[in-house]
Amino acid sequence: MASNTFSAAFVRTSDGWSGAEVDLGGAEIVDDFGDAVMEALGLTGDELALLCVEVEDEWFAIARYRGEEEPRVFLSDVHAVLADPLGELFAEFAGVAPDKESNGLGVRPAGDFELLSDLGVSSEELLELSMEEGMLPADILSVIAERLSFADELDRLR
């Protein structure tokens, strides 16, 4: 995993959010992400957990885990993940095949745009943030963390 990758997971508890850095360096299949989150946060069952990944100025992903529910993922830009093995796993997770023929013009978000809507960030907002000119992945994740009330934990881990 490139050194310019930051990944952390956050779990919602009765006291708010708690976070831990997650090492995705050994991830070979999509299920490895969930295992890494469970391990990093010491999850026991039905907690709501979010995995936030940012790769330098290229792209970000948010994966949502809760108990036995099917994990959900949002990927900020399918085009940006092409040269990145981790990104390709996230593209697979989001159910999209990166189009290698694509000229990569424009940002193309993929996955579940609704994964944060019950937490206070609508699909419209998520898309708007992802497509905003000049916004870096780290900035976008900070805005989202602020809205969901785990910005302090995110800053602490960065």
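## Starting from Phe33

Leaving aside neighbours within four places in sequence, Phe33 is in contact with Leu24, Ala27, Leu51, Tyr65, Leu86, Leu89, Phe90 and Phe93; contact means heavy atoms within 4.5 Å. This is a predicted model, in which local features need pLDDT of at least 70 and side-chain atom pairs count only at pLDDT 80 or more, while totals for chains, interfaces and linings use all residues. Residues are numbered from 1 along each chain as its sequence is written, and side-chain values use heavy atoms, with hydrogens and water left out.

A nonpolar core is a set of buried Ala, Val, Leu, Ile, Met, Phe, Trp, Tyr and Cys residues joined through side-chain atoms within 4.5 Å, and buried means under 20% relative accessible area with a 1.4 Å probe, protein chains only. Helices (H or I, at least four residues) and strands (E, at least two) are DSSP runs, numbered from the N terminus.

Phe33, Trp59, Phe90 and Phe93 are linked into a cluster by ring pairs. Rings of Phe, Tyr and Trp (its six-membered ring) pair if their centres lie within 6.5 Å, and the count comes to 8 aromatic pairs.

## The sheet

Now to the strands: 6 of them form an open, antiparallel sheet in the order β2-β1-β3-β4-β5-β6. Two strands pair if DSSP finds at least two bridges between them. At the edges stand β2 (16-21) and β6 (110-111); each has a single partner strand, so one side of each is left without a neighbour in the sheet. Inside the sheet order, β3 and β4 pair over 8 bridges, and Cys52 has Ile62 in β4 as its bridge partner.

## A visit to Ser76

Ser76 sits in the loop between β5 (72-75) and α2 (85-93). Ser76 counts as buried because its relative accessibility is 4%. Not counting residues up to four places away in sequence, Ser76 touches Trp59, Phe60, Val107, Arg108, Pro109 and Ser130. With Phe60, a polar atom of the Ser76 side chain lies 2.8 Å from the backbone nitrogen.

How values were computed:
Buried < 20%, exposed > 50% of the residue type's maximum accessible area, 1.4 Å probe, protein only. Polar contact = N/O pair within 3.5 Å; in protein donor to acceptor, adjacent residues only side chain to side chain. Phe/Tyr/Trp six-rings, centres within 6.5 Å; stacked < 30°, edge-to-face > 60°.
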